[in-house]
Amino acid sequence: MIGRLWTLYRVELSKLLARRLLWVGAVLVILLALAGPSLSGAAAAARAAAEGSAGGDEFQNGWTVLAGSVTRASFLIWLLAVVLSASSVAEEASWGTLRVICARPVRRAEWIAAKVLALWSLTAAILLAAVFAATASAELAFGLYDVVDPLFPDRVTHSFGDMRWFVLAATGASLVPLLALIGVGTFCSTLVDHPGHATGAAVGALVLLSAAGGLSPGFGEYSFVDQLFVPFRLVNDLANQYTGKLREFNEDLPRVVWVSGLWAIAGTQLAALRLTLRDVV
């Protein structure tokens, strides 16, 4: 099984690497992450003007800029993942290659798993590149030091080592909602044979889940859509020195992982089941 899955994975990886959309999206993500300090400065100036204050945000530092940069870049990564996953199987069906693939001695569940893992690998690499770019730009623009109280500069709220751990943990946790997003998008791709319609179905499903989370906070805690931006929002809150955020970080980050992990498994399994039961002739 592992050998077959590895072969399918390499084939799907080569297909994705040949797609121009993936490379264009990766470049845009990295550029947006690099532009983080400028965008954060503009946002702080706009808030100060709206509030009528002369100065900027005294709590802004390299870590808040880093978290904000990754959050903005992550939106493009999620969008890229939705488009590519939702069109993955539907494109094969519209091109007629799905019949050829299913006619071969290839287990459909393994083929779906290979598609999900290949896309997750590449989008995860883009996310890691965005974190690295945001870290470099934040270091050059503001510096990444201990987080101190602006009123008492000698009082360290979070050390450099602590903040580095928070960023690493948030990066790892962000990979799981990304996998859930790809799994659900792939399931939507098995429902229809038109890539555009499948993408629309995936976007609609995400909108419905987001709306349900907004209407019911209890449901939102168990929806991977609501977990997409949680890890780096927590990093931003810690860097901004909001009280009680360390406890939230320790409680919410594990929930992001297991909730999104369950959604990832469910989405991938439903996609495999749908394709297995589907009559491809």
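User: Is the crossing of helix 8 and helix 12 left-handed or right-handed?
Analyst: Good place to start: this is a predicted model, where local features need pLDDT of at least 70, side-chain atom pairs count only at pLDDT 80 or more, and totals for chains, interfaces and linings use all residues. Residues are numbered from 1 along each chain as its sequence is written, and side-chain values use heavy atoms, with hydrogens and water left out. Helices (DSSP runs of H or I, at least four residues, numbered from the N terminus) cross left-handed if the near one is turned anticlockwise from the far one by less than a right angle, and right-handed if clockwise. For helix 8 and helix 12, the crossing is right-handed.

User: How are helix 8 and helix 12 directed relative to each other, roughly parallel or roughly antiparallel?
Analyst: Their axes (lines fitted to C-alpha atoms over the stretch in contact) lie 8 Å apart. The packing angle is about 165°, on a scale of 0 to 180 degrees between N-to-C directions. Angles under 35 degrees count as roughly parallel, over 145 as roughly antiparallel, 65 to 115 as roughly perpendicular and the rest as oblique. Helix 8 and helix 12 are therefore roughly antiparallel.

User: How many charged residues are in the contact of helix 8 with helix 12?
Analyst: Contact means heavy atoms within 4.5 Å; Met 163, Phe 166, Val 167, Ala 170, Thr 171, Ala 173 and Ser 174 of helix 8 meet Pro 231, Phe 232, Val 235, Leu 238 and Ala 239 of helix 12. Ala, Val, Leu, Ile, Met, Phe, Trp, Tyr, Cys and Pro count as nonpolar, Asp, Glu, Lys and Arg as charged, and the others, Gly among them, as polar. The contact of helix 8 with helix 12 has ten nonpolar residues, two polar ones and, as for charged residues, no such member: the charged count is "no charged".

User: What word describes how helix 1 and helix 7 lie to each other?
Analyst: Helix 1 (residues 2-17) and helix 7 (residues 108-141) have axes 8 Å apart, and helix 1 passes helix 7 in a right-handed crossing. The contact includes Leu 5, Leu 8 and Tyr 9 of helix 1 and Trp 111, Ala 114 and Leu 122 of helix 7; by class it holds 13 nonpolar residues, one polar and four charged. The packing angle is about 50°, and the two helices are therefore oblique.

User: How do helix 4 and helix 9 lie to each other?
Analyst: The contact joins Val 82, Val 83 and Ala 86 of helix 4 to Pro 195, Ala 198, Thr 199, Ala 202, Val 203 and Leu 206 of helix 9, with eight nonpolar residues, one polar and no charged. Helix 4 passes helix 9 in a right-handed crossing. The axes come within 8 Å and cross at roughly 135°; helix 4 and helix 9 are therefore oblique.

User: How much space lies in the largest pocket?
Analyst: On a 1 Å grid over the protein atoms alone, a pocket is an open set of points with protein on both sides within 12 Å along at least five of seven lines, a cavity is a set where a 1.4 Å probe fits but cannot get out, and lining residues have an atom within 4 Å of a point. The lining of the largest pocket includes Phe 75, Trp 78, Val 203 and Phe 229, with eleven nonpolar residues, one polar and no charged. Helix 4 (62-86) and helix 9 (195-215) are the elements giving two or more residues to it. With grid points joined across faces, edges and corners, and volume taken as the space filled by probe spheres set on the points, the largest pocket holds about 270 Å³.

User: Which helix supplies the largest share of the lining of the second largest pocket?
Analyst: This pocket, of about 220 Å³, is lined by 15 residues, with Glu 12, Leu 16, Arg 19, Ser 88 and Lys 115 nearest its centre. The lining has six nonpolar, three polar and six charged residues. The largest share is four residues, and they come from helix 5.

User: Which helix gives the most to the lining of the largest cavity?
Analyst: The count comes to one cavity of 30 Å³ or more, and the largest cavity holds about 50 Å³. Its lining includes Val 70, Thr 71, Leu 127 and Phe 232, and divides into seven nonpolar, three polar and no charged residues. With four residues, the most comes from helix 4.
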